[in-house]
Amino acid sequence: MDQQRPIELFSIPGVLPLLPVRDVVIFPGMILPLFIARESSVQVVDAAREGERLMALVTQRDPEVEEPGPDDIYSVGTVGMIMRHMRLPDGRVKVLVQGLSKIRIQQVLRMEPYMEAEVEEFPPDPEVEWTVEFEALLRATREKVEELLPLKHLAPEVLAVMTHVDEPGRLADLVASNLRLRVEEAQEILEIVDPIRRLRKVDGLLRREIAVSSVQAELQGAARDEISRSQREYFLREQLRVIQNELGESEDKNPEIEELRRRIASSGLNEEARAEADRQLGRLVRMHPDSSETQVVRTYLDWLVELPWDQSSEDNLDLEHAKTVLERDHAYLDRVKERILEFLAVRKLRGDGVGRGPLLCLVGPPGVGKTSLGRSIAQAMDRSFIRMSLGGIRDEAEIRGHRRTYVGALPGRIIQGMRQAGTINAVFMLDEIDKLGADYRGDPAAAMLEVLDPEQNAYFRDHYLNVPYDLSRVLFIATANLTDPIPRPLRDRMEVIRLPGYTPEEKEVIAKRFLVPRQIEESGLSRERVSLSRAALRDVITCYTQEAGVRGLEREIGRIMRKVARRVAAGEKGRVPINVRNLPSILGPAPVLDEGIPRDATVGVARGLAWTETGGEVLTVEATMVRGRGLILTGHLGEIMRESGQTALSYVRWRCGELGIGDALMRHEIHLHVPAGATPKDGPSAGITMGTAILSLLTGIPVRSDITMTGELTLRGRVLPVGGVREKALAALRRGIHNVILPEANRNDLDEIPPELARKMSFQFVSHMDDVLQIALAEPLVPPGRIRRATRRVRPVLPTS
């Protein structure tokens with residue numbers, strides 16, 4: 001630490017090291033510490049210490065400038081003398097300086113390694129002749145400083161020093177250095193040469209400070225009774241607001257408020273939404289900026305202005321373009337493609353660009369391309385695409401939002417999706433709509449009624465927004481595996497399009513066009529490095545996967561490509577062939593996919609067809625007898641399937657007399673079991689299968705193993721139609737069964753089966769259980785004519801009222 005030397009030993013040289021200072025103006029006679037961190041400024045201090053400890057202290061115009069030049073500093077400053085010097089542990093330098101006299105910068109002589117300037121010292125203040133006006137100004141200044149002393153918490157020594165200062169220039173400098181003025185105001189005082197003018201300027205600033213401090217004191221007294229200690233920050237902000245109002249700098253000029261007002265005007269809000277936005281903006285202007293309610297209102301307004309109210313994308317109405325895009329991304333699925341082209345055709349003919357979007361529901365097993373189809377539809381129409389998964393949603397607020405009275409409230413996922421889309425005519429995919437749940441928080445399916453109702457969704461009200469929002473131009477596409485879990489009112493609002501499973505031939509085409517190229521690319525390979533034979537691809541389809549879609553098929557193809565990628569990465573040269581011979585070494589042995597389905601004709605075992613959310617399935621119904629009476633049903637069966645078993649047993653009991661099997665029914669209990677007990681099963685289509693299994697058991701005649709069947713059975717033996725004929729036929733073909741028994745009423749459903757599939761299969765149509773038995777049993781039960789006559793002789797039992 002350096003020791004101080006007497007000031008009178010120093011004189012002001014013509015050239016001095018120049019130190020730019022920030023956020024402070026140094027007056028003559030002022031003593032203050034400076035913390036110096038810039039390397040060039042440290043060198044200025046070192047140069048001054050090597051000389052007479054003098055340096056020019058000049059204020060920067062912009063404190064943010066790190067390397068100021070001659071244009072970045074004021075031209076008037078103060079000569080400062082270094083009184084003490086200390087180097088701090090963090091590398092900075094602390095110096096205590098005292099202002100000596102005012103100087104003017106004539107020119108900057110050099111910039112490196114530090115600034116050095118030629119300076120001119122201001123002459124001493126001239127002697128001021130005593131006048132009444134002069135004495136009054138001195139006294140008024142002292143009185144104002146005394147009045148301001150308790151308000152600004154100034155040091156009492158300031159007043160004591162001022163009472164002994166009679167020079168107006170020194171008094172003005174002393175007062176200005178203790179007022180904490182803005183840099184511009186302090187610099188203006190420093191540059192005034194006339195001491196009387198300088199003192200008058202300071203007197204005016206004292207009047208302003210007294211007025212501001214008085215308002216501050218009044219505010220403190222008025223607010224002290226209304227706030228608690230925990231609201232200290234709020235109190236300080238209130239002080240700032242009152243000061244700004246006194247200075248004409250009110251909150252109305254807040255740039256954030258002005259920006260919100262501009263965005264509201266240009267957002268295209270409807271009439272009700274615009275009125276609500278203006279009302280909330282008025283509340284925001286009157287609120288304190290740090291209150292919790294302010295943030296709630298600001299967030300609400302942000303949601304309002306960021307939603308697309310009238311912003312829409314122009315539909316591409318070129319039907320050939322749309323058809324090309326749909327065919328490029330998906331094979332088959334003709335019904336959906338036709339529906340989209342019809343929609344575009346209507347829009348093109350109407351020519352108004354408005355119109356309601358269709359509400360489609362794509363129903364089909366997993367892996368048939370429902371979700372990806374929605375993205376392709378958006379690309380074909382040049383619209384933005386939003387996907388929202390509904391699986392597992394149980395809270396109504398997820399759809400319609402929370403009311404703003406709740407902490408952390410947000411709009412529902414519909415409004416969030418529209419904000420993300422950015423246009424009012426987006427393609428909105430509601431994925432897995434059949435997986436919606438319900439609990440004590442409400443029923444989301446009921447909330448979806450307004451979203452998907454063409455008569456209501458033009459005025460959809462989200463609980464958070466609480467203003468109508470137009471969803472009528474959105475193209476909603478829902479996906480589901482089953483329609484049964486969808487509530488009937490919701491299902492009626494949508495146009496259901498069923499997507500059937502793919503045939504092996506269709507899977508082969510899809511694999512060649514889409515799956516194999518995609519997996520080759522994802523594995524880092526090229527088509528020149530791998531070849532997958534057609535026979536190997538067919539084996540993967542038929543032996544390694546049993547599904548309606550192609551998701552599992554893509555996984556198996558991905559496994560093949562990863563095995564090839566490993567061999568290529570290990571250094572194998574040339575093209576890697578994949579054929580039938582080396583396929584088991586890559587994928588392993590083919591899994592047993594028809595477990596539980598016997599291949600030989602067996603007594604009491606019949607094969608039926610079922611439709612599930614994953615496509616068609618072949619079910620085995622096994623029947624056996626134990627001592628007792630009645631019927632046992634096992635295999636995780638649903639209520640409808642259990643009723644089908646009871647109906648089948650009642651029908652057999654009705655026919656037992658003419659078939660000669662009554663004694664066996666009287667002494668034995670029938671047990672029906674459907675294997676794969678962990679899988680739930682339901683539906684009426686297993687009725688004729690259960691009846692065939694029971695009759696086979698009682699008569700001892702085996703059921704043909706090369707045939708499967710589906711149909712609902714009545715108590716009188718009639719066979720009623722069922723659904724899912726295409727999926728069931730595909731399931732039979734996957735299991736190698738080519739003979740299928742169908743109800744006569746399902747004859748027209750054969751049109752849904754591809755011709756190449758229908759040629760591989762034999763469909764036999766029945767209208768009565770007698771026809772089923774004649775086809776399904778390995779041996780004739782009784783002559784057909786006799787059965788018919790016996791049936792006609794039985795008098796029907798009519799219901800009584």
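1. Leu362 has Thr479 of β12 as its bridge partner. Strands β7 (residues 359-363) and β12 (residues 475-480) run parallel and are joined by 5 bridges; two strands pair if DSSP finds at least two bridges between them. Strands here are DSSP runs (E, at least two residues), as helices are (H or I, at least four), numbered from the N terminus.

2. A word on the model: it is predicted, with local features needing pLDDT of at least 70 and side-chain atom pairs counting only at pLDDT 80 or more, while totals for chains, interfaces and linings use all residues. Residues are numbered from 1 along each chain as its sequence is written, and side-chain values use heavy atoms, leaving out hydrogens and water.

3. The β7-β12 pair belongs to an open, parallel sheet of 5 strands, ordered β8-β9-β12-β7-β13. At its edges stand β8 (385-389) and β13 (495-498), each with a single partner strand, so one side of each has no neighbour in the sheet.

4. Now to the helices: α8 (residues 255-266) and α9 (residues 271-286) pack at about 175 degrees, with axes 11 Å apart. Axes are lines fitted to C-alpha atoms, for helices over the stretch in contact, and angles run from 0 to 180 degrees between N-to-C directions. That makes α8 roughly antiparallel to α9 (over 145 degrees).

5. Finally, the cysteines: the count is 0 disulfides, taking a disulfide as a pair of cysteine sulfur atoms within 2.5 Å. Cys656 is buried at 17% relative accessibility (under 20%, 1.4 Å probe, protein chains only).

How values were computed: Parallel < 35°, antiparallel > 145°, perpendicular 65-115°, else oblique. Buried < 20%, exposed > 50% of the residue type's maximum accessible area, 1.4 Å probe, protein only.
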